[in-house]
Amino acid sequence: MANLTIVANIIANEDSVELVKAELIKLIDITRSEAGCIQYDLHQDNENPAHFTFFENWSSRELWQEHMGAQHLADYLAATEGAVASFTVNEMTQVG
């Protein structure tokens with residue numbers, strides 16, 4: 001079975017970029033230690049510093065869903081409430 005690739009785009013409100021960035025960075029080490037996490041890399045757009053992207057690879061959709069239900073994700077959502085303009089997630093499969 002193919003790995004699940006996740007591309008998550010987070011757009012911070014202009015006045016909350018540093019808050020959102022700090023909270024996203026907190027997720028990295030704890031998520032990388034989770035079962036099924038192969039890759040979990042945070043990027044910040046060079047032209048628009050309010051735009052962050054997580055590029056993730058997981059061994060299964062079930063383990064990714066466990067991650068999405070984890071306490072550290074709930075803590076992130078609480079800490080950034082009202083600070084994020086948009087959040088989109090694409091579930092993808094590598095084809096080449």
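Good morning. Of the 96 residues in the protein chain, 39% are buried, where buried means under 20% relative accessible area, exposed over 50%, and partly exposed in between, with a 1.4 Å probe and protein chains only. Please note that this is a predicted model, in which local features need pLDDT of at least 70, side-chain atom pairs count only at pLDDT 80 or more, and totals for chains, interfaces and linings use all residues. Residues are numbered from 1 along each chain as its sequence is written, and side-chain values use heavy atoms, with hydrogens and water left out.

I turn to the overall form. The C-alpha trace spans about 40 × 30 × 20 Å along its principal axes. The radius of gyration of the protein chain is 13 Å, which agrees with the value near 12 Å that a compact globule of 96 residues would have; this radius is taken over C-alpha atoms, and the globule rule is 2.2 Å times the number of residues to the power 0.38. Of the contacts with a separation of 6 or more, 69% are between residues 24 or more positions apart, contact meaning heavy atoms within 4.5 Å.

Next, the elements. The protein chain has three helices and four strands, and from the N terminus on they run β-α-β-β-α-α-β. Helices (H or I, at least four residues) and strands (E, at least two) are DSSP runs, numbered from the N terminus.

Finally, consider strand β1, residues 4-12. Eight of the nine residues of β1 are buried, which leaves the strand mostly covered. Towards β4, β1 pairs in the antiparallel sense over eight bridges; V7 has N90 as its bridge partner there, and N9 has T88. Eight bridges also join β1 to β3, again antiparallel, and the partner of A8 in β3 is F54. Thank you.

Technical notes:
Pairing = 2+ DSSP bridges.
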